[in-house]
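Subject: Structure handover

Hello,

Please find the structure below, with the sequence. My notes on it follow.

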Amino acid sequence: MNVGFTTSLKGQNILVTGGSGFIGSHLISFLSSQDAKVHALIFSREANAQNLWKFKTKSIKYYKCSLLNFRDLNTIVKFIKPVKIIHLGSLVDLNRSFQIARRVIHTNIEGTLNLLESLRNVPFDLFVYASSVEVYGNGPIPFRENQREVPPSPYAISKLAGEHFINFYSKIYNYPISILRLSTCYGPGQNKNKLIPSIIKSALASRPIKVGQTNQNRNFIYIKDLIKAMGKVLVKPKAINEILNIGNEESISIEKIIESIKILTGSNSLVLAGSVPNREQEIQNWDISTVKTKKILGWKASTPLKKGLKETISWYQG
């Protein structure tokens, strides 16, 4: 249900799904700093304690609930009555297996549908959906928001399906929405099994760095830049009913990432390129256009790679 748009976050009820995740925990910290009333939906056996421990304030409330449990989810949403919703909760797994396909259908598609349905008759001014640049697949670069998507994995298919359901609810029920296609994010607090953290951990321990092809190019964005972009979306009415690429203007090779981390850590770790097998339909080059995003939000990523990596390395050093 659409209501008048609020351009201030202070005192606003804001629901964040995936609140215990890497991006979610940083977003919650930002929203709390803006004096918002944050309601974080989490679903994790471990509840990502390392990400949540520092957010024990009265302005943040946590709800442990699966997006697949519609009854409980509906009760929570109706109780909170959020003015803004940021939907980060999803299963992120780029494997191409049948088992993963089934899981992302349930979590990412059914979970998104349940959240959308739970918002029926709830007055809110913005629903923000975190999609992925993965939906572009091996399409022409730079990726632009209006080009045809070619999702190469079950995960990417599920994120694109989520976009379609969100657009459906926007058209049928007049939901005010913003869809953000996020590039690869990194920074303090990220799961150690992700690409950049795994390289950092190996470099710090002087272990061999095991990676796939090092000549692949990716578009990395530092977590602080991503959160600033999300903050802009939440207060910019021009972002309503738009799809926006959120990423860095520069595409960087995996080789350069490894070299930079080795220099910053003083590591002599051996690089075992090709020791991790490539996935089917692996995207060789990610390069996104942020022209539309800069025009609508007045934002662009500003953290240099060296600075972002230094801060991330410091976090993993403890």
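Strand β4 (residues 84–87) pairs with β5 in the parallel sense, over four bridges. Two strands count as paired if DSSP finds at least two bridges between them. Helices (H or I, at least four residues) and strands (E, at least two) are DSSP runs, numbered from the N terminus. Within this pairing, Lys84 has Leu126 of β5 as its bridge partner.

Before the rest, the basis of the values. This is a predicted model, in which local features need pLDDT of at least 70 and side-chain atom pairs count only at pLDDT 80 or more, while totals for chains, interfaces and linings use all residues. Residues are numbered from 1 along each chain as its sequence is written, and side-chain values use heavy atoms, with hydrogens and water left out.

Strand β5

β5 is mostly covered, with seven of its seven residues buried. Buried means under 20% relative accessible area, exposed means over 50%, and partly exposed is in between (1.4 Å probe, protein chains only). In a regular strand the side chains alternate between the two faces of the sheet. Leu126, Val128, Ala130 and Ser132 point one way from β5, Phe127, Tyr129 and Ser131 point the other way, and all are buried.

Helix α5

The 20 residues of helix α5 (residues 154–173) should span 28 Å at 1.5 Å a residue, and the end C-alpha atoms are 28 Å apart, which agrees. The expected span is 1.5 Å times one less than the number of residues. Buried residues of α5 include Pro154, Tyr155, Leu160, Ile166 and Tyr169. The cover over the buried residues of α5 includes α4 (98–118), β5 (126–132), β6 (177–182) and β11 (242–246). Just after α5, Asn174 takes a positive phi of about 60 degrees.

Domains and cores

The chain is divided into domain 1 (13–185 + 220–246) and domain 2 (188–218 + 251–285 + 304–317); the bounds come from an automatic or database domain assignment. Taken over C-alpha atoms, the domain centres are 26 Å apart. Contact (heavy atoms within 4.5 Å) links 19 residues of domain 1 with 21 residues of domain 2.

A nonpolar core is a set of buried Ala, Val, Leu, Ile, Met, Phe, Trp, Tyr and Cys residues joined through side-chain atoms within 4.5 Å. The largest nonpolar core has 53 residues, of which Ile23, Leu31, Ile86, Leu226, Met230 and Ile246 touch the most other members. Helix α7 (residues 223–235) gives the most to this core, with seven residues. Domain 1 and domain 2 both give residues to the core, so it lies between them. Leaving aside neighbours within four places in sequence, the contacts of Ile246 include Leu180, Leu182, Ile221, Leu226, Ile288, Leu297 and Trp299. A second, separate core has 23 residues, including Tyr63, Leu67, Leu73 and Leu115. In soluble globular proteins, nonpolar side chains tend to be buried together.

Backbone points to check in a viewer

- Ile141 and Pro142 are joined by a cis peptide bond, with omega about 0 degrees. Pro142 lies in the loop between β5 and α5.
- Asp35 has a positive phi, near 65 degrees, and is not a glycine. Asp35 sits in the loop between α1 (22–33) and β2 (37–42) and counts as partly exposed at 47% relative accessibility.
- Lys81, also not a glycine, has a positive phi of about 55 degrees. Lys81 is in the loop between α3 (70–80) and β4 and counts as exposed at 51% relative accessibility.

Other residues

How many disulfides are there? The count is zero, where a disulfide is a pair of cysteine sulfur atoms within 2.5 Å. Cys65 is buried at 6% relative accessible area, and Cys185 counts as buried at 10%.

Ile60 belongs to strand β3 (residues 60–64) and is buried, with a relative accessible area of 7%. Between Ile60 and Val92 there are 32 residues in sequence and 25 Å in space, C-alpha to C-alpha.

Ser202 is in helix α6 (residues 195–204) and counts as buried at 11% relative accessibility. Not counting residues up to four places away in sequence, Ser202 touches Arg207, Pro208, Ile209 and Ser269.

Regards
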